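Work through the exercises below with the model open beside you. Try each task before you read its solution.

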Amino acid sequence: MSDESAKKESNNQDVVLVESRWQRTLDVLSVIGPPLTVATALLVYFGWARTDAQAKSMGLDVSLFGYTVQDFILRSIQSLFRPLAWLAIIGFLWLMADRGVDKLLADQRFRPAIRRTATALLVLGFLFAAVMWILTISQPERILLYLPYMIAGGLLLGTWGMSLRRRATAGSGRGLTVTPRALERSFIFVLVTLLLFWGTSDYAQALGRGAAVDYQERSQLLPTAVVYSKERLAVTAPNVHEETAGTAAEPLYRYTGLRLLVVSGGRIFLLNDGWTLKEGRVVVLRDDSSVRVEYGNPSAE
């Protein structure tokens with residue numbers, strides 16, 4: 001083989017190697033991409049649900065704030081941290097319990113007791129989930145905050161009892177095959193996922209309403225804001241005072257008694273001193289050169 005032919009063969013091998021690497025990369029991205037997209041969408045939704053509930057409690061609409069996707073994702077962290085932490089802890093404890101039962105199943109003496117216990121778990125789990133679901137339908141106005149999680153827990157407990165009973169009866173064959181049993185697991189997985197989504201959405205909204213109440217109780221801890229404007233703003237919110245700081249030729253108006261809520265979407269959102277959910281007002285100003293705002297440390301008052 002000539003040197004030229006060897007070089008061509010080497011180049012062809014390099015091209016094939018590069019193409020195979022790109023193909024593997026694309027395959028990985030095709031697998032990772034959709035979960036990342038779904039995760040991002042969920043983060044945005046839970047952040048929006050929390051912010052929307054807070055805005056409505058304050059008599060506003062969430063669209064006024066002009067939040068971006070990144071803002072909603074950051075606001076969703078608090079909504080997801082506690083539920084995910086509890087799910088991780090419960091999942092870890094369940095895994096330990098399931099492995100412990102596997103060891104007991106290796107001894108034939110324990111199989112009857114495990115079978116009876118599994119039957120009890122099956123009945124109690126599904127019965128509890130059914131009762132909670134009936135309460136949800138019959139009394140929707142009295143739904144508890146964590147009720148969707150409780151229904152999901154009942155379903156998982158009943159499903160685990162069903163699995164233990166089968167393993168105690170027919171051995172530990174646990175391979176995943178396309179059978180009615182696999183369809184059962186898929187159905188339970190979808191149902192539990194929807195319940196967790198429902199529960200987390202309710203939790204995020206509860207956090208948003210709680211944040212609005214927190215502003216009412218701790219508005220004095222928000223940064224103070226003094227607004228200066230060449231034009232009269234005619235702010236009529238309670239405890240907001242208008243003063244004239246300029247001259248007749250160059251008028252300047254000064255507004256005190258305000259607290260900074262947030263700056264977003266090219267707007268400044270301010271609360272009046274002593275803000276309440278019933279009687280408070282949210283003052284919205286454009287974040288441009290038409291006004292000048294001085295912020296201060298509330299503890300310096």
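**Exercise 1. Is Ala234 buried, partly exposed or exposed, and where is Ala234 found?**

Step 1. Take the relative accessible area of Ala234, which is 41%.
Step 2. Apply the classes: buried means under 20% relative accessible area, exposed means over 50%, and partly exposed lies in between (1.4 Å probe, protein chains only). Ala234 is therefore partly exposed.
Step 3. Ala234 sits in the loop between strand 1 (224-229) and strand 2 (241-244). Helices (H or I, at least four residues) and strands (E, at least two) are DSSP runs, numbered from the N terminus.
Step 4. Check the backbone. Ala234 is not a glycine, yet its phi is positive, about 55°.

This is a predicted model, in which local features need pLDDT of at least 70 and side-chain atom pairs count only at pLDDT 80 or more, while totals for chains, interfaces and linings use all residues. Residues are numbered from 1 along each chain as its sequence is written, and side-chain values use heavy atoms, with hydrogens and water left out.

**Exercise 2. How many helices and strands does the protein chain have, and in what order do they run?**

Step 1. Count the elements: five helices and six strands.
Step 2. Read from the N terminus on: α-α-α-α-α-β-β-β-β-β-β.
Step 3. Of the 301 residues of the protein chain, 30% count as buried.
Step 4. Look at the contacts (heavy atoms within 4.5 Å). Among those between residues at least 6 apart in sequence, 67% join residues at least 24 apart.

**Exercise 3. Which residues of the largest nonpolar core touch the most other members?**

Step 1. A nonpolar core is a set of buried Ala, Val, Leu, Ile, Met, Phe, Trp, Tyr and Cys residues joined through side-chain atoms within 4.5 Å.
Step 2. Name the residues. In this core of 16 residues they are Met58, Phe65, Tyr215, Leu261, Leu271 and Val282.
Step 3. Find the suppliers. Helix 5 (180-218), strand 3 (253-264) and strand 4 (267-272) each give at least two residues to this core.
Step 4. Follow Leu271. Not counting residues up to four places away in sequence, Leu271 touches Met58, Tyr215, Leu222, Gly257, Leu258, Arg259, Leu261, Arg281 and Val282.
Step 5. Note the second, separate core. It has 15 residues, including Ala225, Ala237, Val283 and Leu285.

**Exercise 4. Is Asn272 buried or exposed, and what is Asn272 in contact with?**

Step 1. Asn272 is found in strand 4.
Step 2. Its relative accessibility is 1%, so Asn272 counts as buried.
Step 3. Leave aside neighbours within four places in sequence. Asn272 is then in contact with Ala237, Pro238, Val240, Gly257, Leu258, Gly280 and Arg281.

**Exercise 5. Describe the aromatic pair of Tyr45 and Phe46.**

Step 1. Set the rules. Rings of Phe, Tyr and Trp (its six-membered ring) pair if their centres lie within 6.5 Å; planes under 30 degrees apart count as stacked, over 60 as edge-to-face and the rest as tilted.
Step 2. Count the pairs: the structure holds 11.
Step 3. Classify this one. Tyr45 and Phe46 are 5.6 Å apart centre to centre, with 65° between the planes, an edge-to-face pair.
Step 4. Tyr45 is partly exposed at 28%, whereas Phe46 is buried at 5%.
Step 5. Widen the view. Ring pairs link Tyr45, Phe46, Trp48 and Phe197 into a cluster.

**Exercise 6. Where is Asp287 found, and which residues is Asp287 in contact with?**

Step 1. Asp287 is in the loop between strand 5 (282-286) and strand 6 (291-296).
Step 2. With a relative accessible area of 44%, Asp287 is partly exposed.
Step 3. Asp287 and Arg267 are 20 residues apart in sequence but 4.8 Å apart in space, C-alpha to C-alpha.
Step 4. Leaving aside neighbours within four places in sequence, Asp287 is in contact with Val263, Gly266, Arg267 and Ile268.
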